[in-house]
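Colleague: Walk me through the labels on this one. I want each value set against its cut-off.

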Amino acid sequence: MAVSKVQPAEALTEAVASGVTLFGENRVQEYEAKRERLRALGLAGAQVHLIGHLQSNKSARAAQIFDGIDSVDSLRLAERLNEAAGKLGKRLPVLLEIKLSKESAKTGLDPSGPELSQLLERLPALDHLAAHGLMTVAPFDENPETARACFRRLRELRETLATEHPGLDFTELSMGMSGDFEIAIEEGSTLVRIGTALFGRRPRPIPGQP
Ligand SMILES: *Cc1c(COP(=O)(O)O)cnc(C)c1O
């Protein structure tokens, strides 16, 4: 996945011309603005997923403009997205974001908390969501090896959950970014999210993010 947050629409069309078919954006409003320009430029065949935290009050719009939401981090959000996707007559691909880092800025479901269990129990009834697996953001650290433990925990969690919920699909493990994707792949990532290594340094920093 090419993470195109902060990049102009032209950068996305250039990436499509080079063969990229999947993009990650982290804000509803930012993509909303870019989308108009992309329409004019043409983004044939490419899909765009949301990978950033989504507030429930923006879930209806997000369900409409994104091809998937990879950052579902609460039961309430899942319910809202399901309702919105139902109204749109679509089945929305989603990943559940798991918080494995102690950094307070990171969002995601607590892997051992009650909400994740409740969400997994509820998922089969959410007809308009198609859950395909888990996503995580590793802690930011100069040494990418510290991310390894985090990636391994996500893979182990996937194995446990897949055994406990044989009816659910846990195919995808979205983990790994520019600084640690090799390690993520070694630890079983099926989907790396690459921004800087593809597009270069982002034009402006995003508060609270590396
Ligand atoms: C920005 C971002 C990425 C990409 O980060 P890079 O270090 O630029 O590759 C991946 N995942 C999420 C959730 C992001 O917000």
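Modeller: Start with G195: one of its polar backbone atoms sits 2.8 Å from an oxygen atom of the ligand. This is a predicted model; local features need pLDDT of at least 70, side-chain atom pairs count only at pLDDT 80 or more, and totals for chains, interfaces and linings use all residues. Numbering runs from 1 along each chain as its sequence is written, and side-chain values use heavy atoms, without hydrogens or water.

Colleague: How much of the ligand does the protein bury?

Modeller: 92% of the 390 Å² that the ligand exposes alone (Shrake-Rupley method, 1.4 Å probe).

Colleague: Why is T13 called buried?

Modeller: Buried means under 20% relative accessible area (1.4 Å probe, protein chains only). T13 has 18%, so it counts as buried. T13 lies in helix α1, residues 9-17 (a DSSP run of H or I, at least four residues). T13 touches L38, L41, G42 and L43 (heavy atoms within 4.5 Å), leaving out residues up to four places away in sequence.

Colleague: How do you know that β1 and β2 pair?

Modeller: Pairing needs at least two DSSP bridges. β1 and β2 (residues 22-25) have two, in the parallel sense, so they pair. A2 has F23 in β2 as its bridge partner.

Technical notes: A polar contact is a pair of N or O atoms within 3.5 Å; within protein, one must be able to donate a hydrogen and the other to accept it, and residues adjacent in sequence count only if both atoms are side-chain atoms. Buried means under 20% relative accessible area, exposed over 50%, partly exposed in between (1.4 Å probe, protein chains only).
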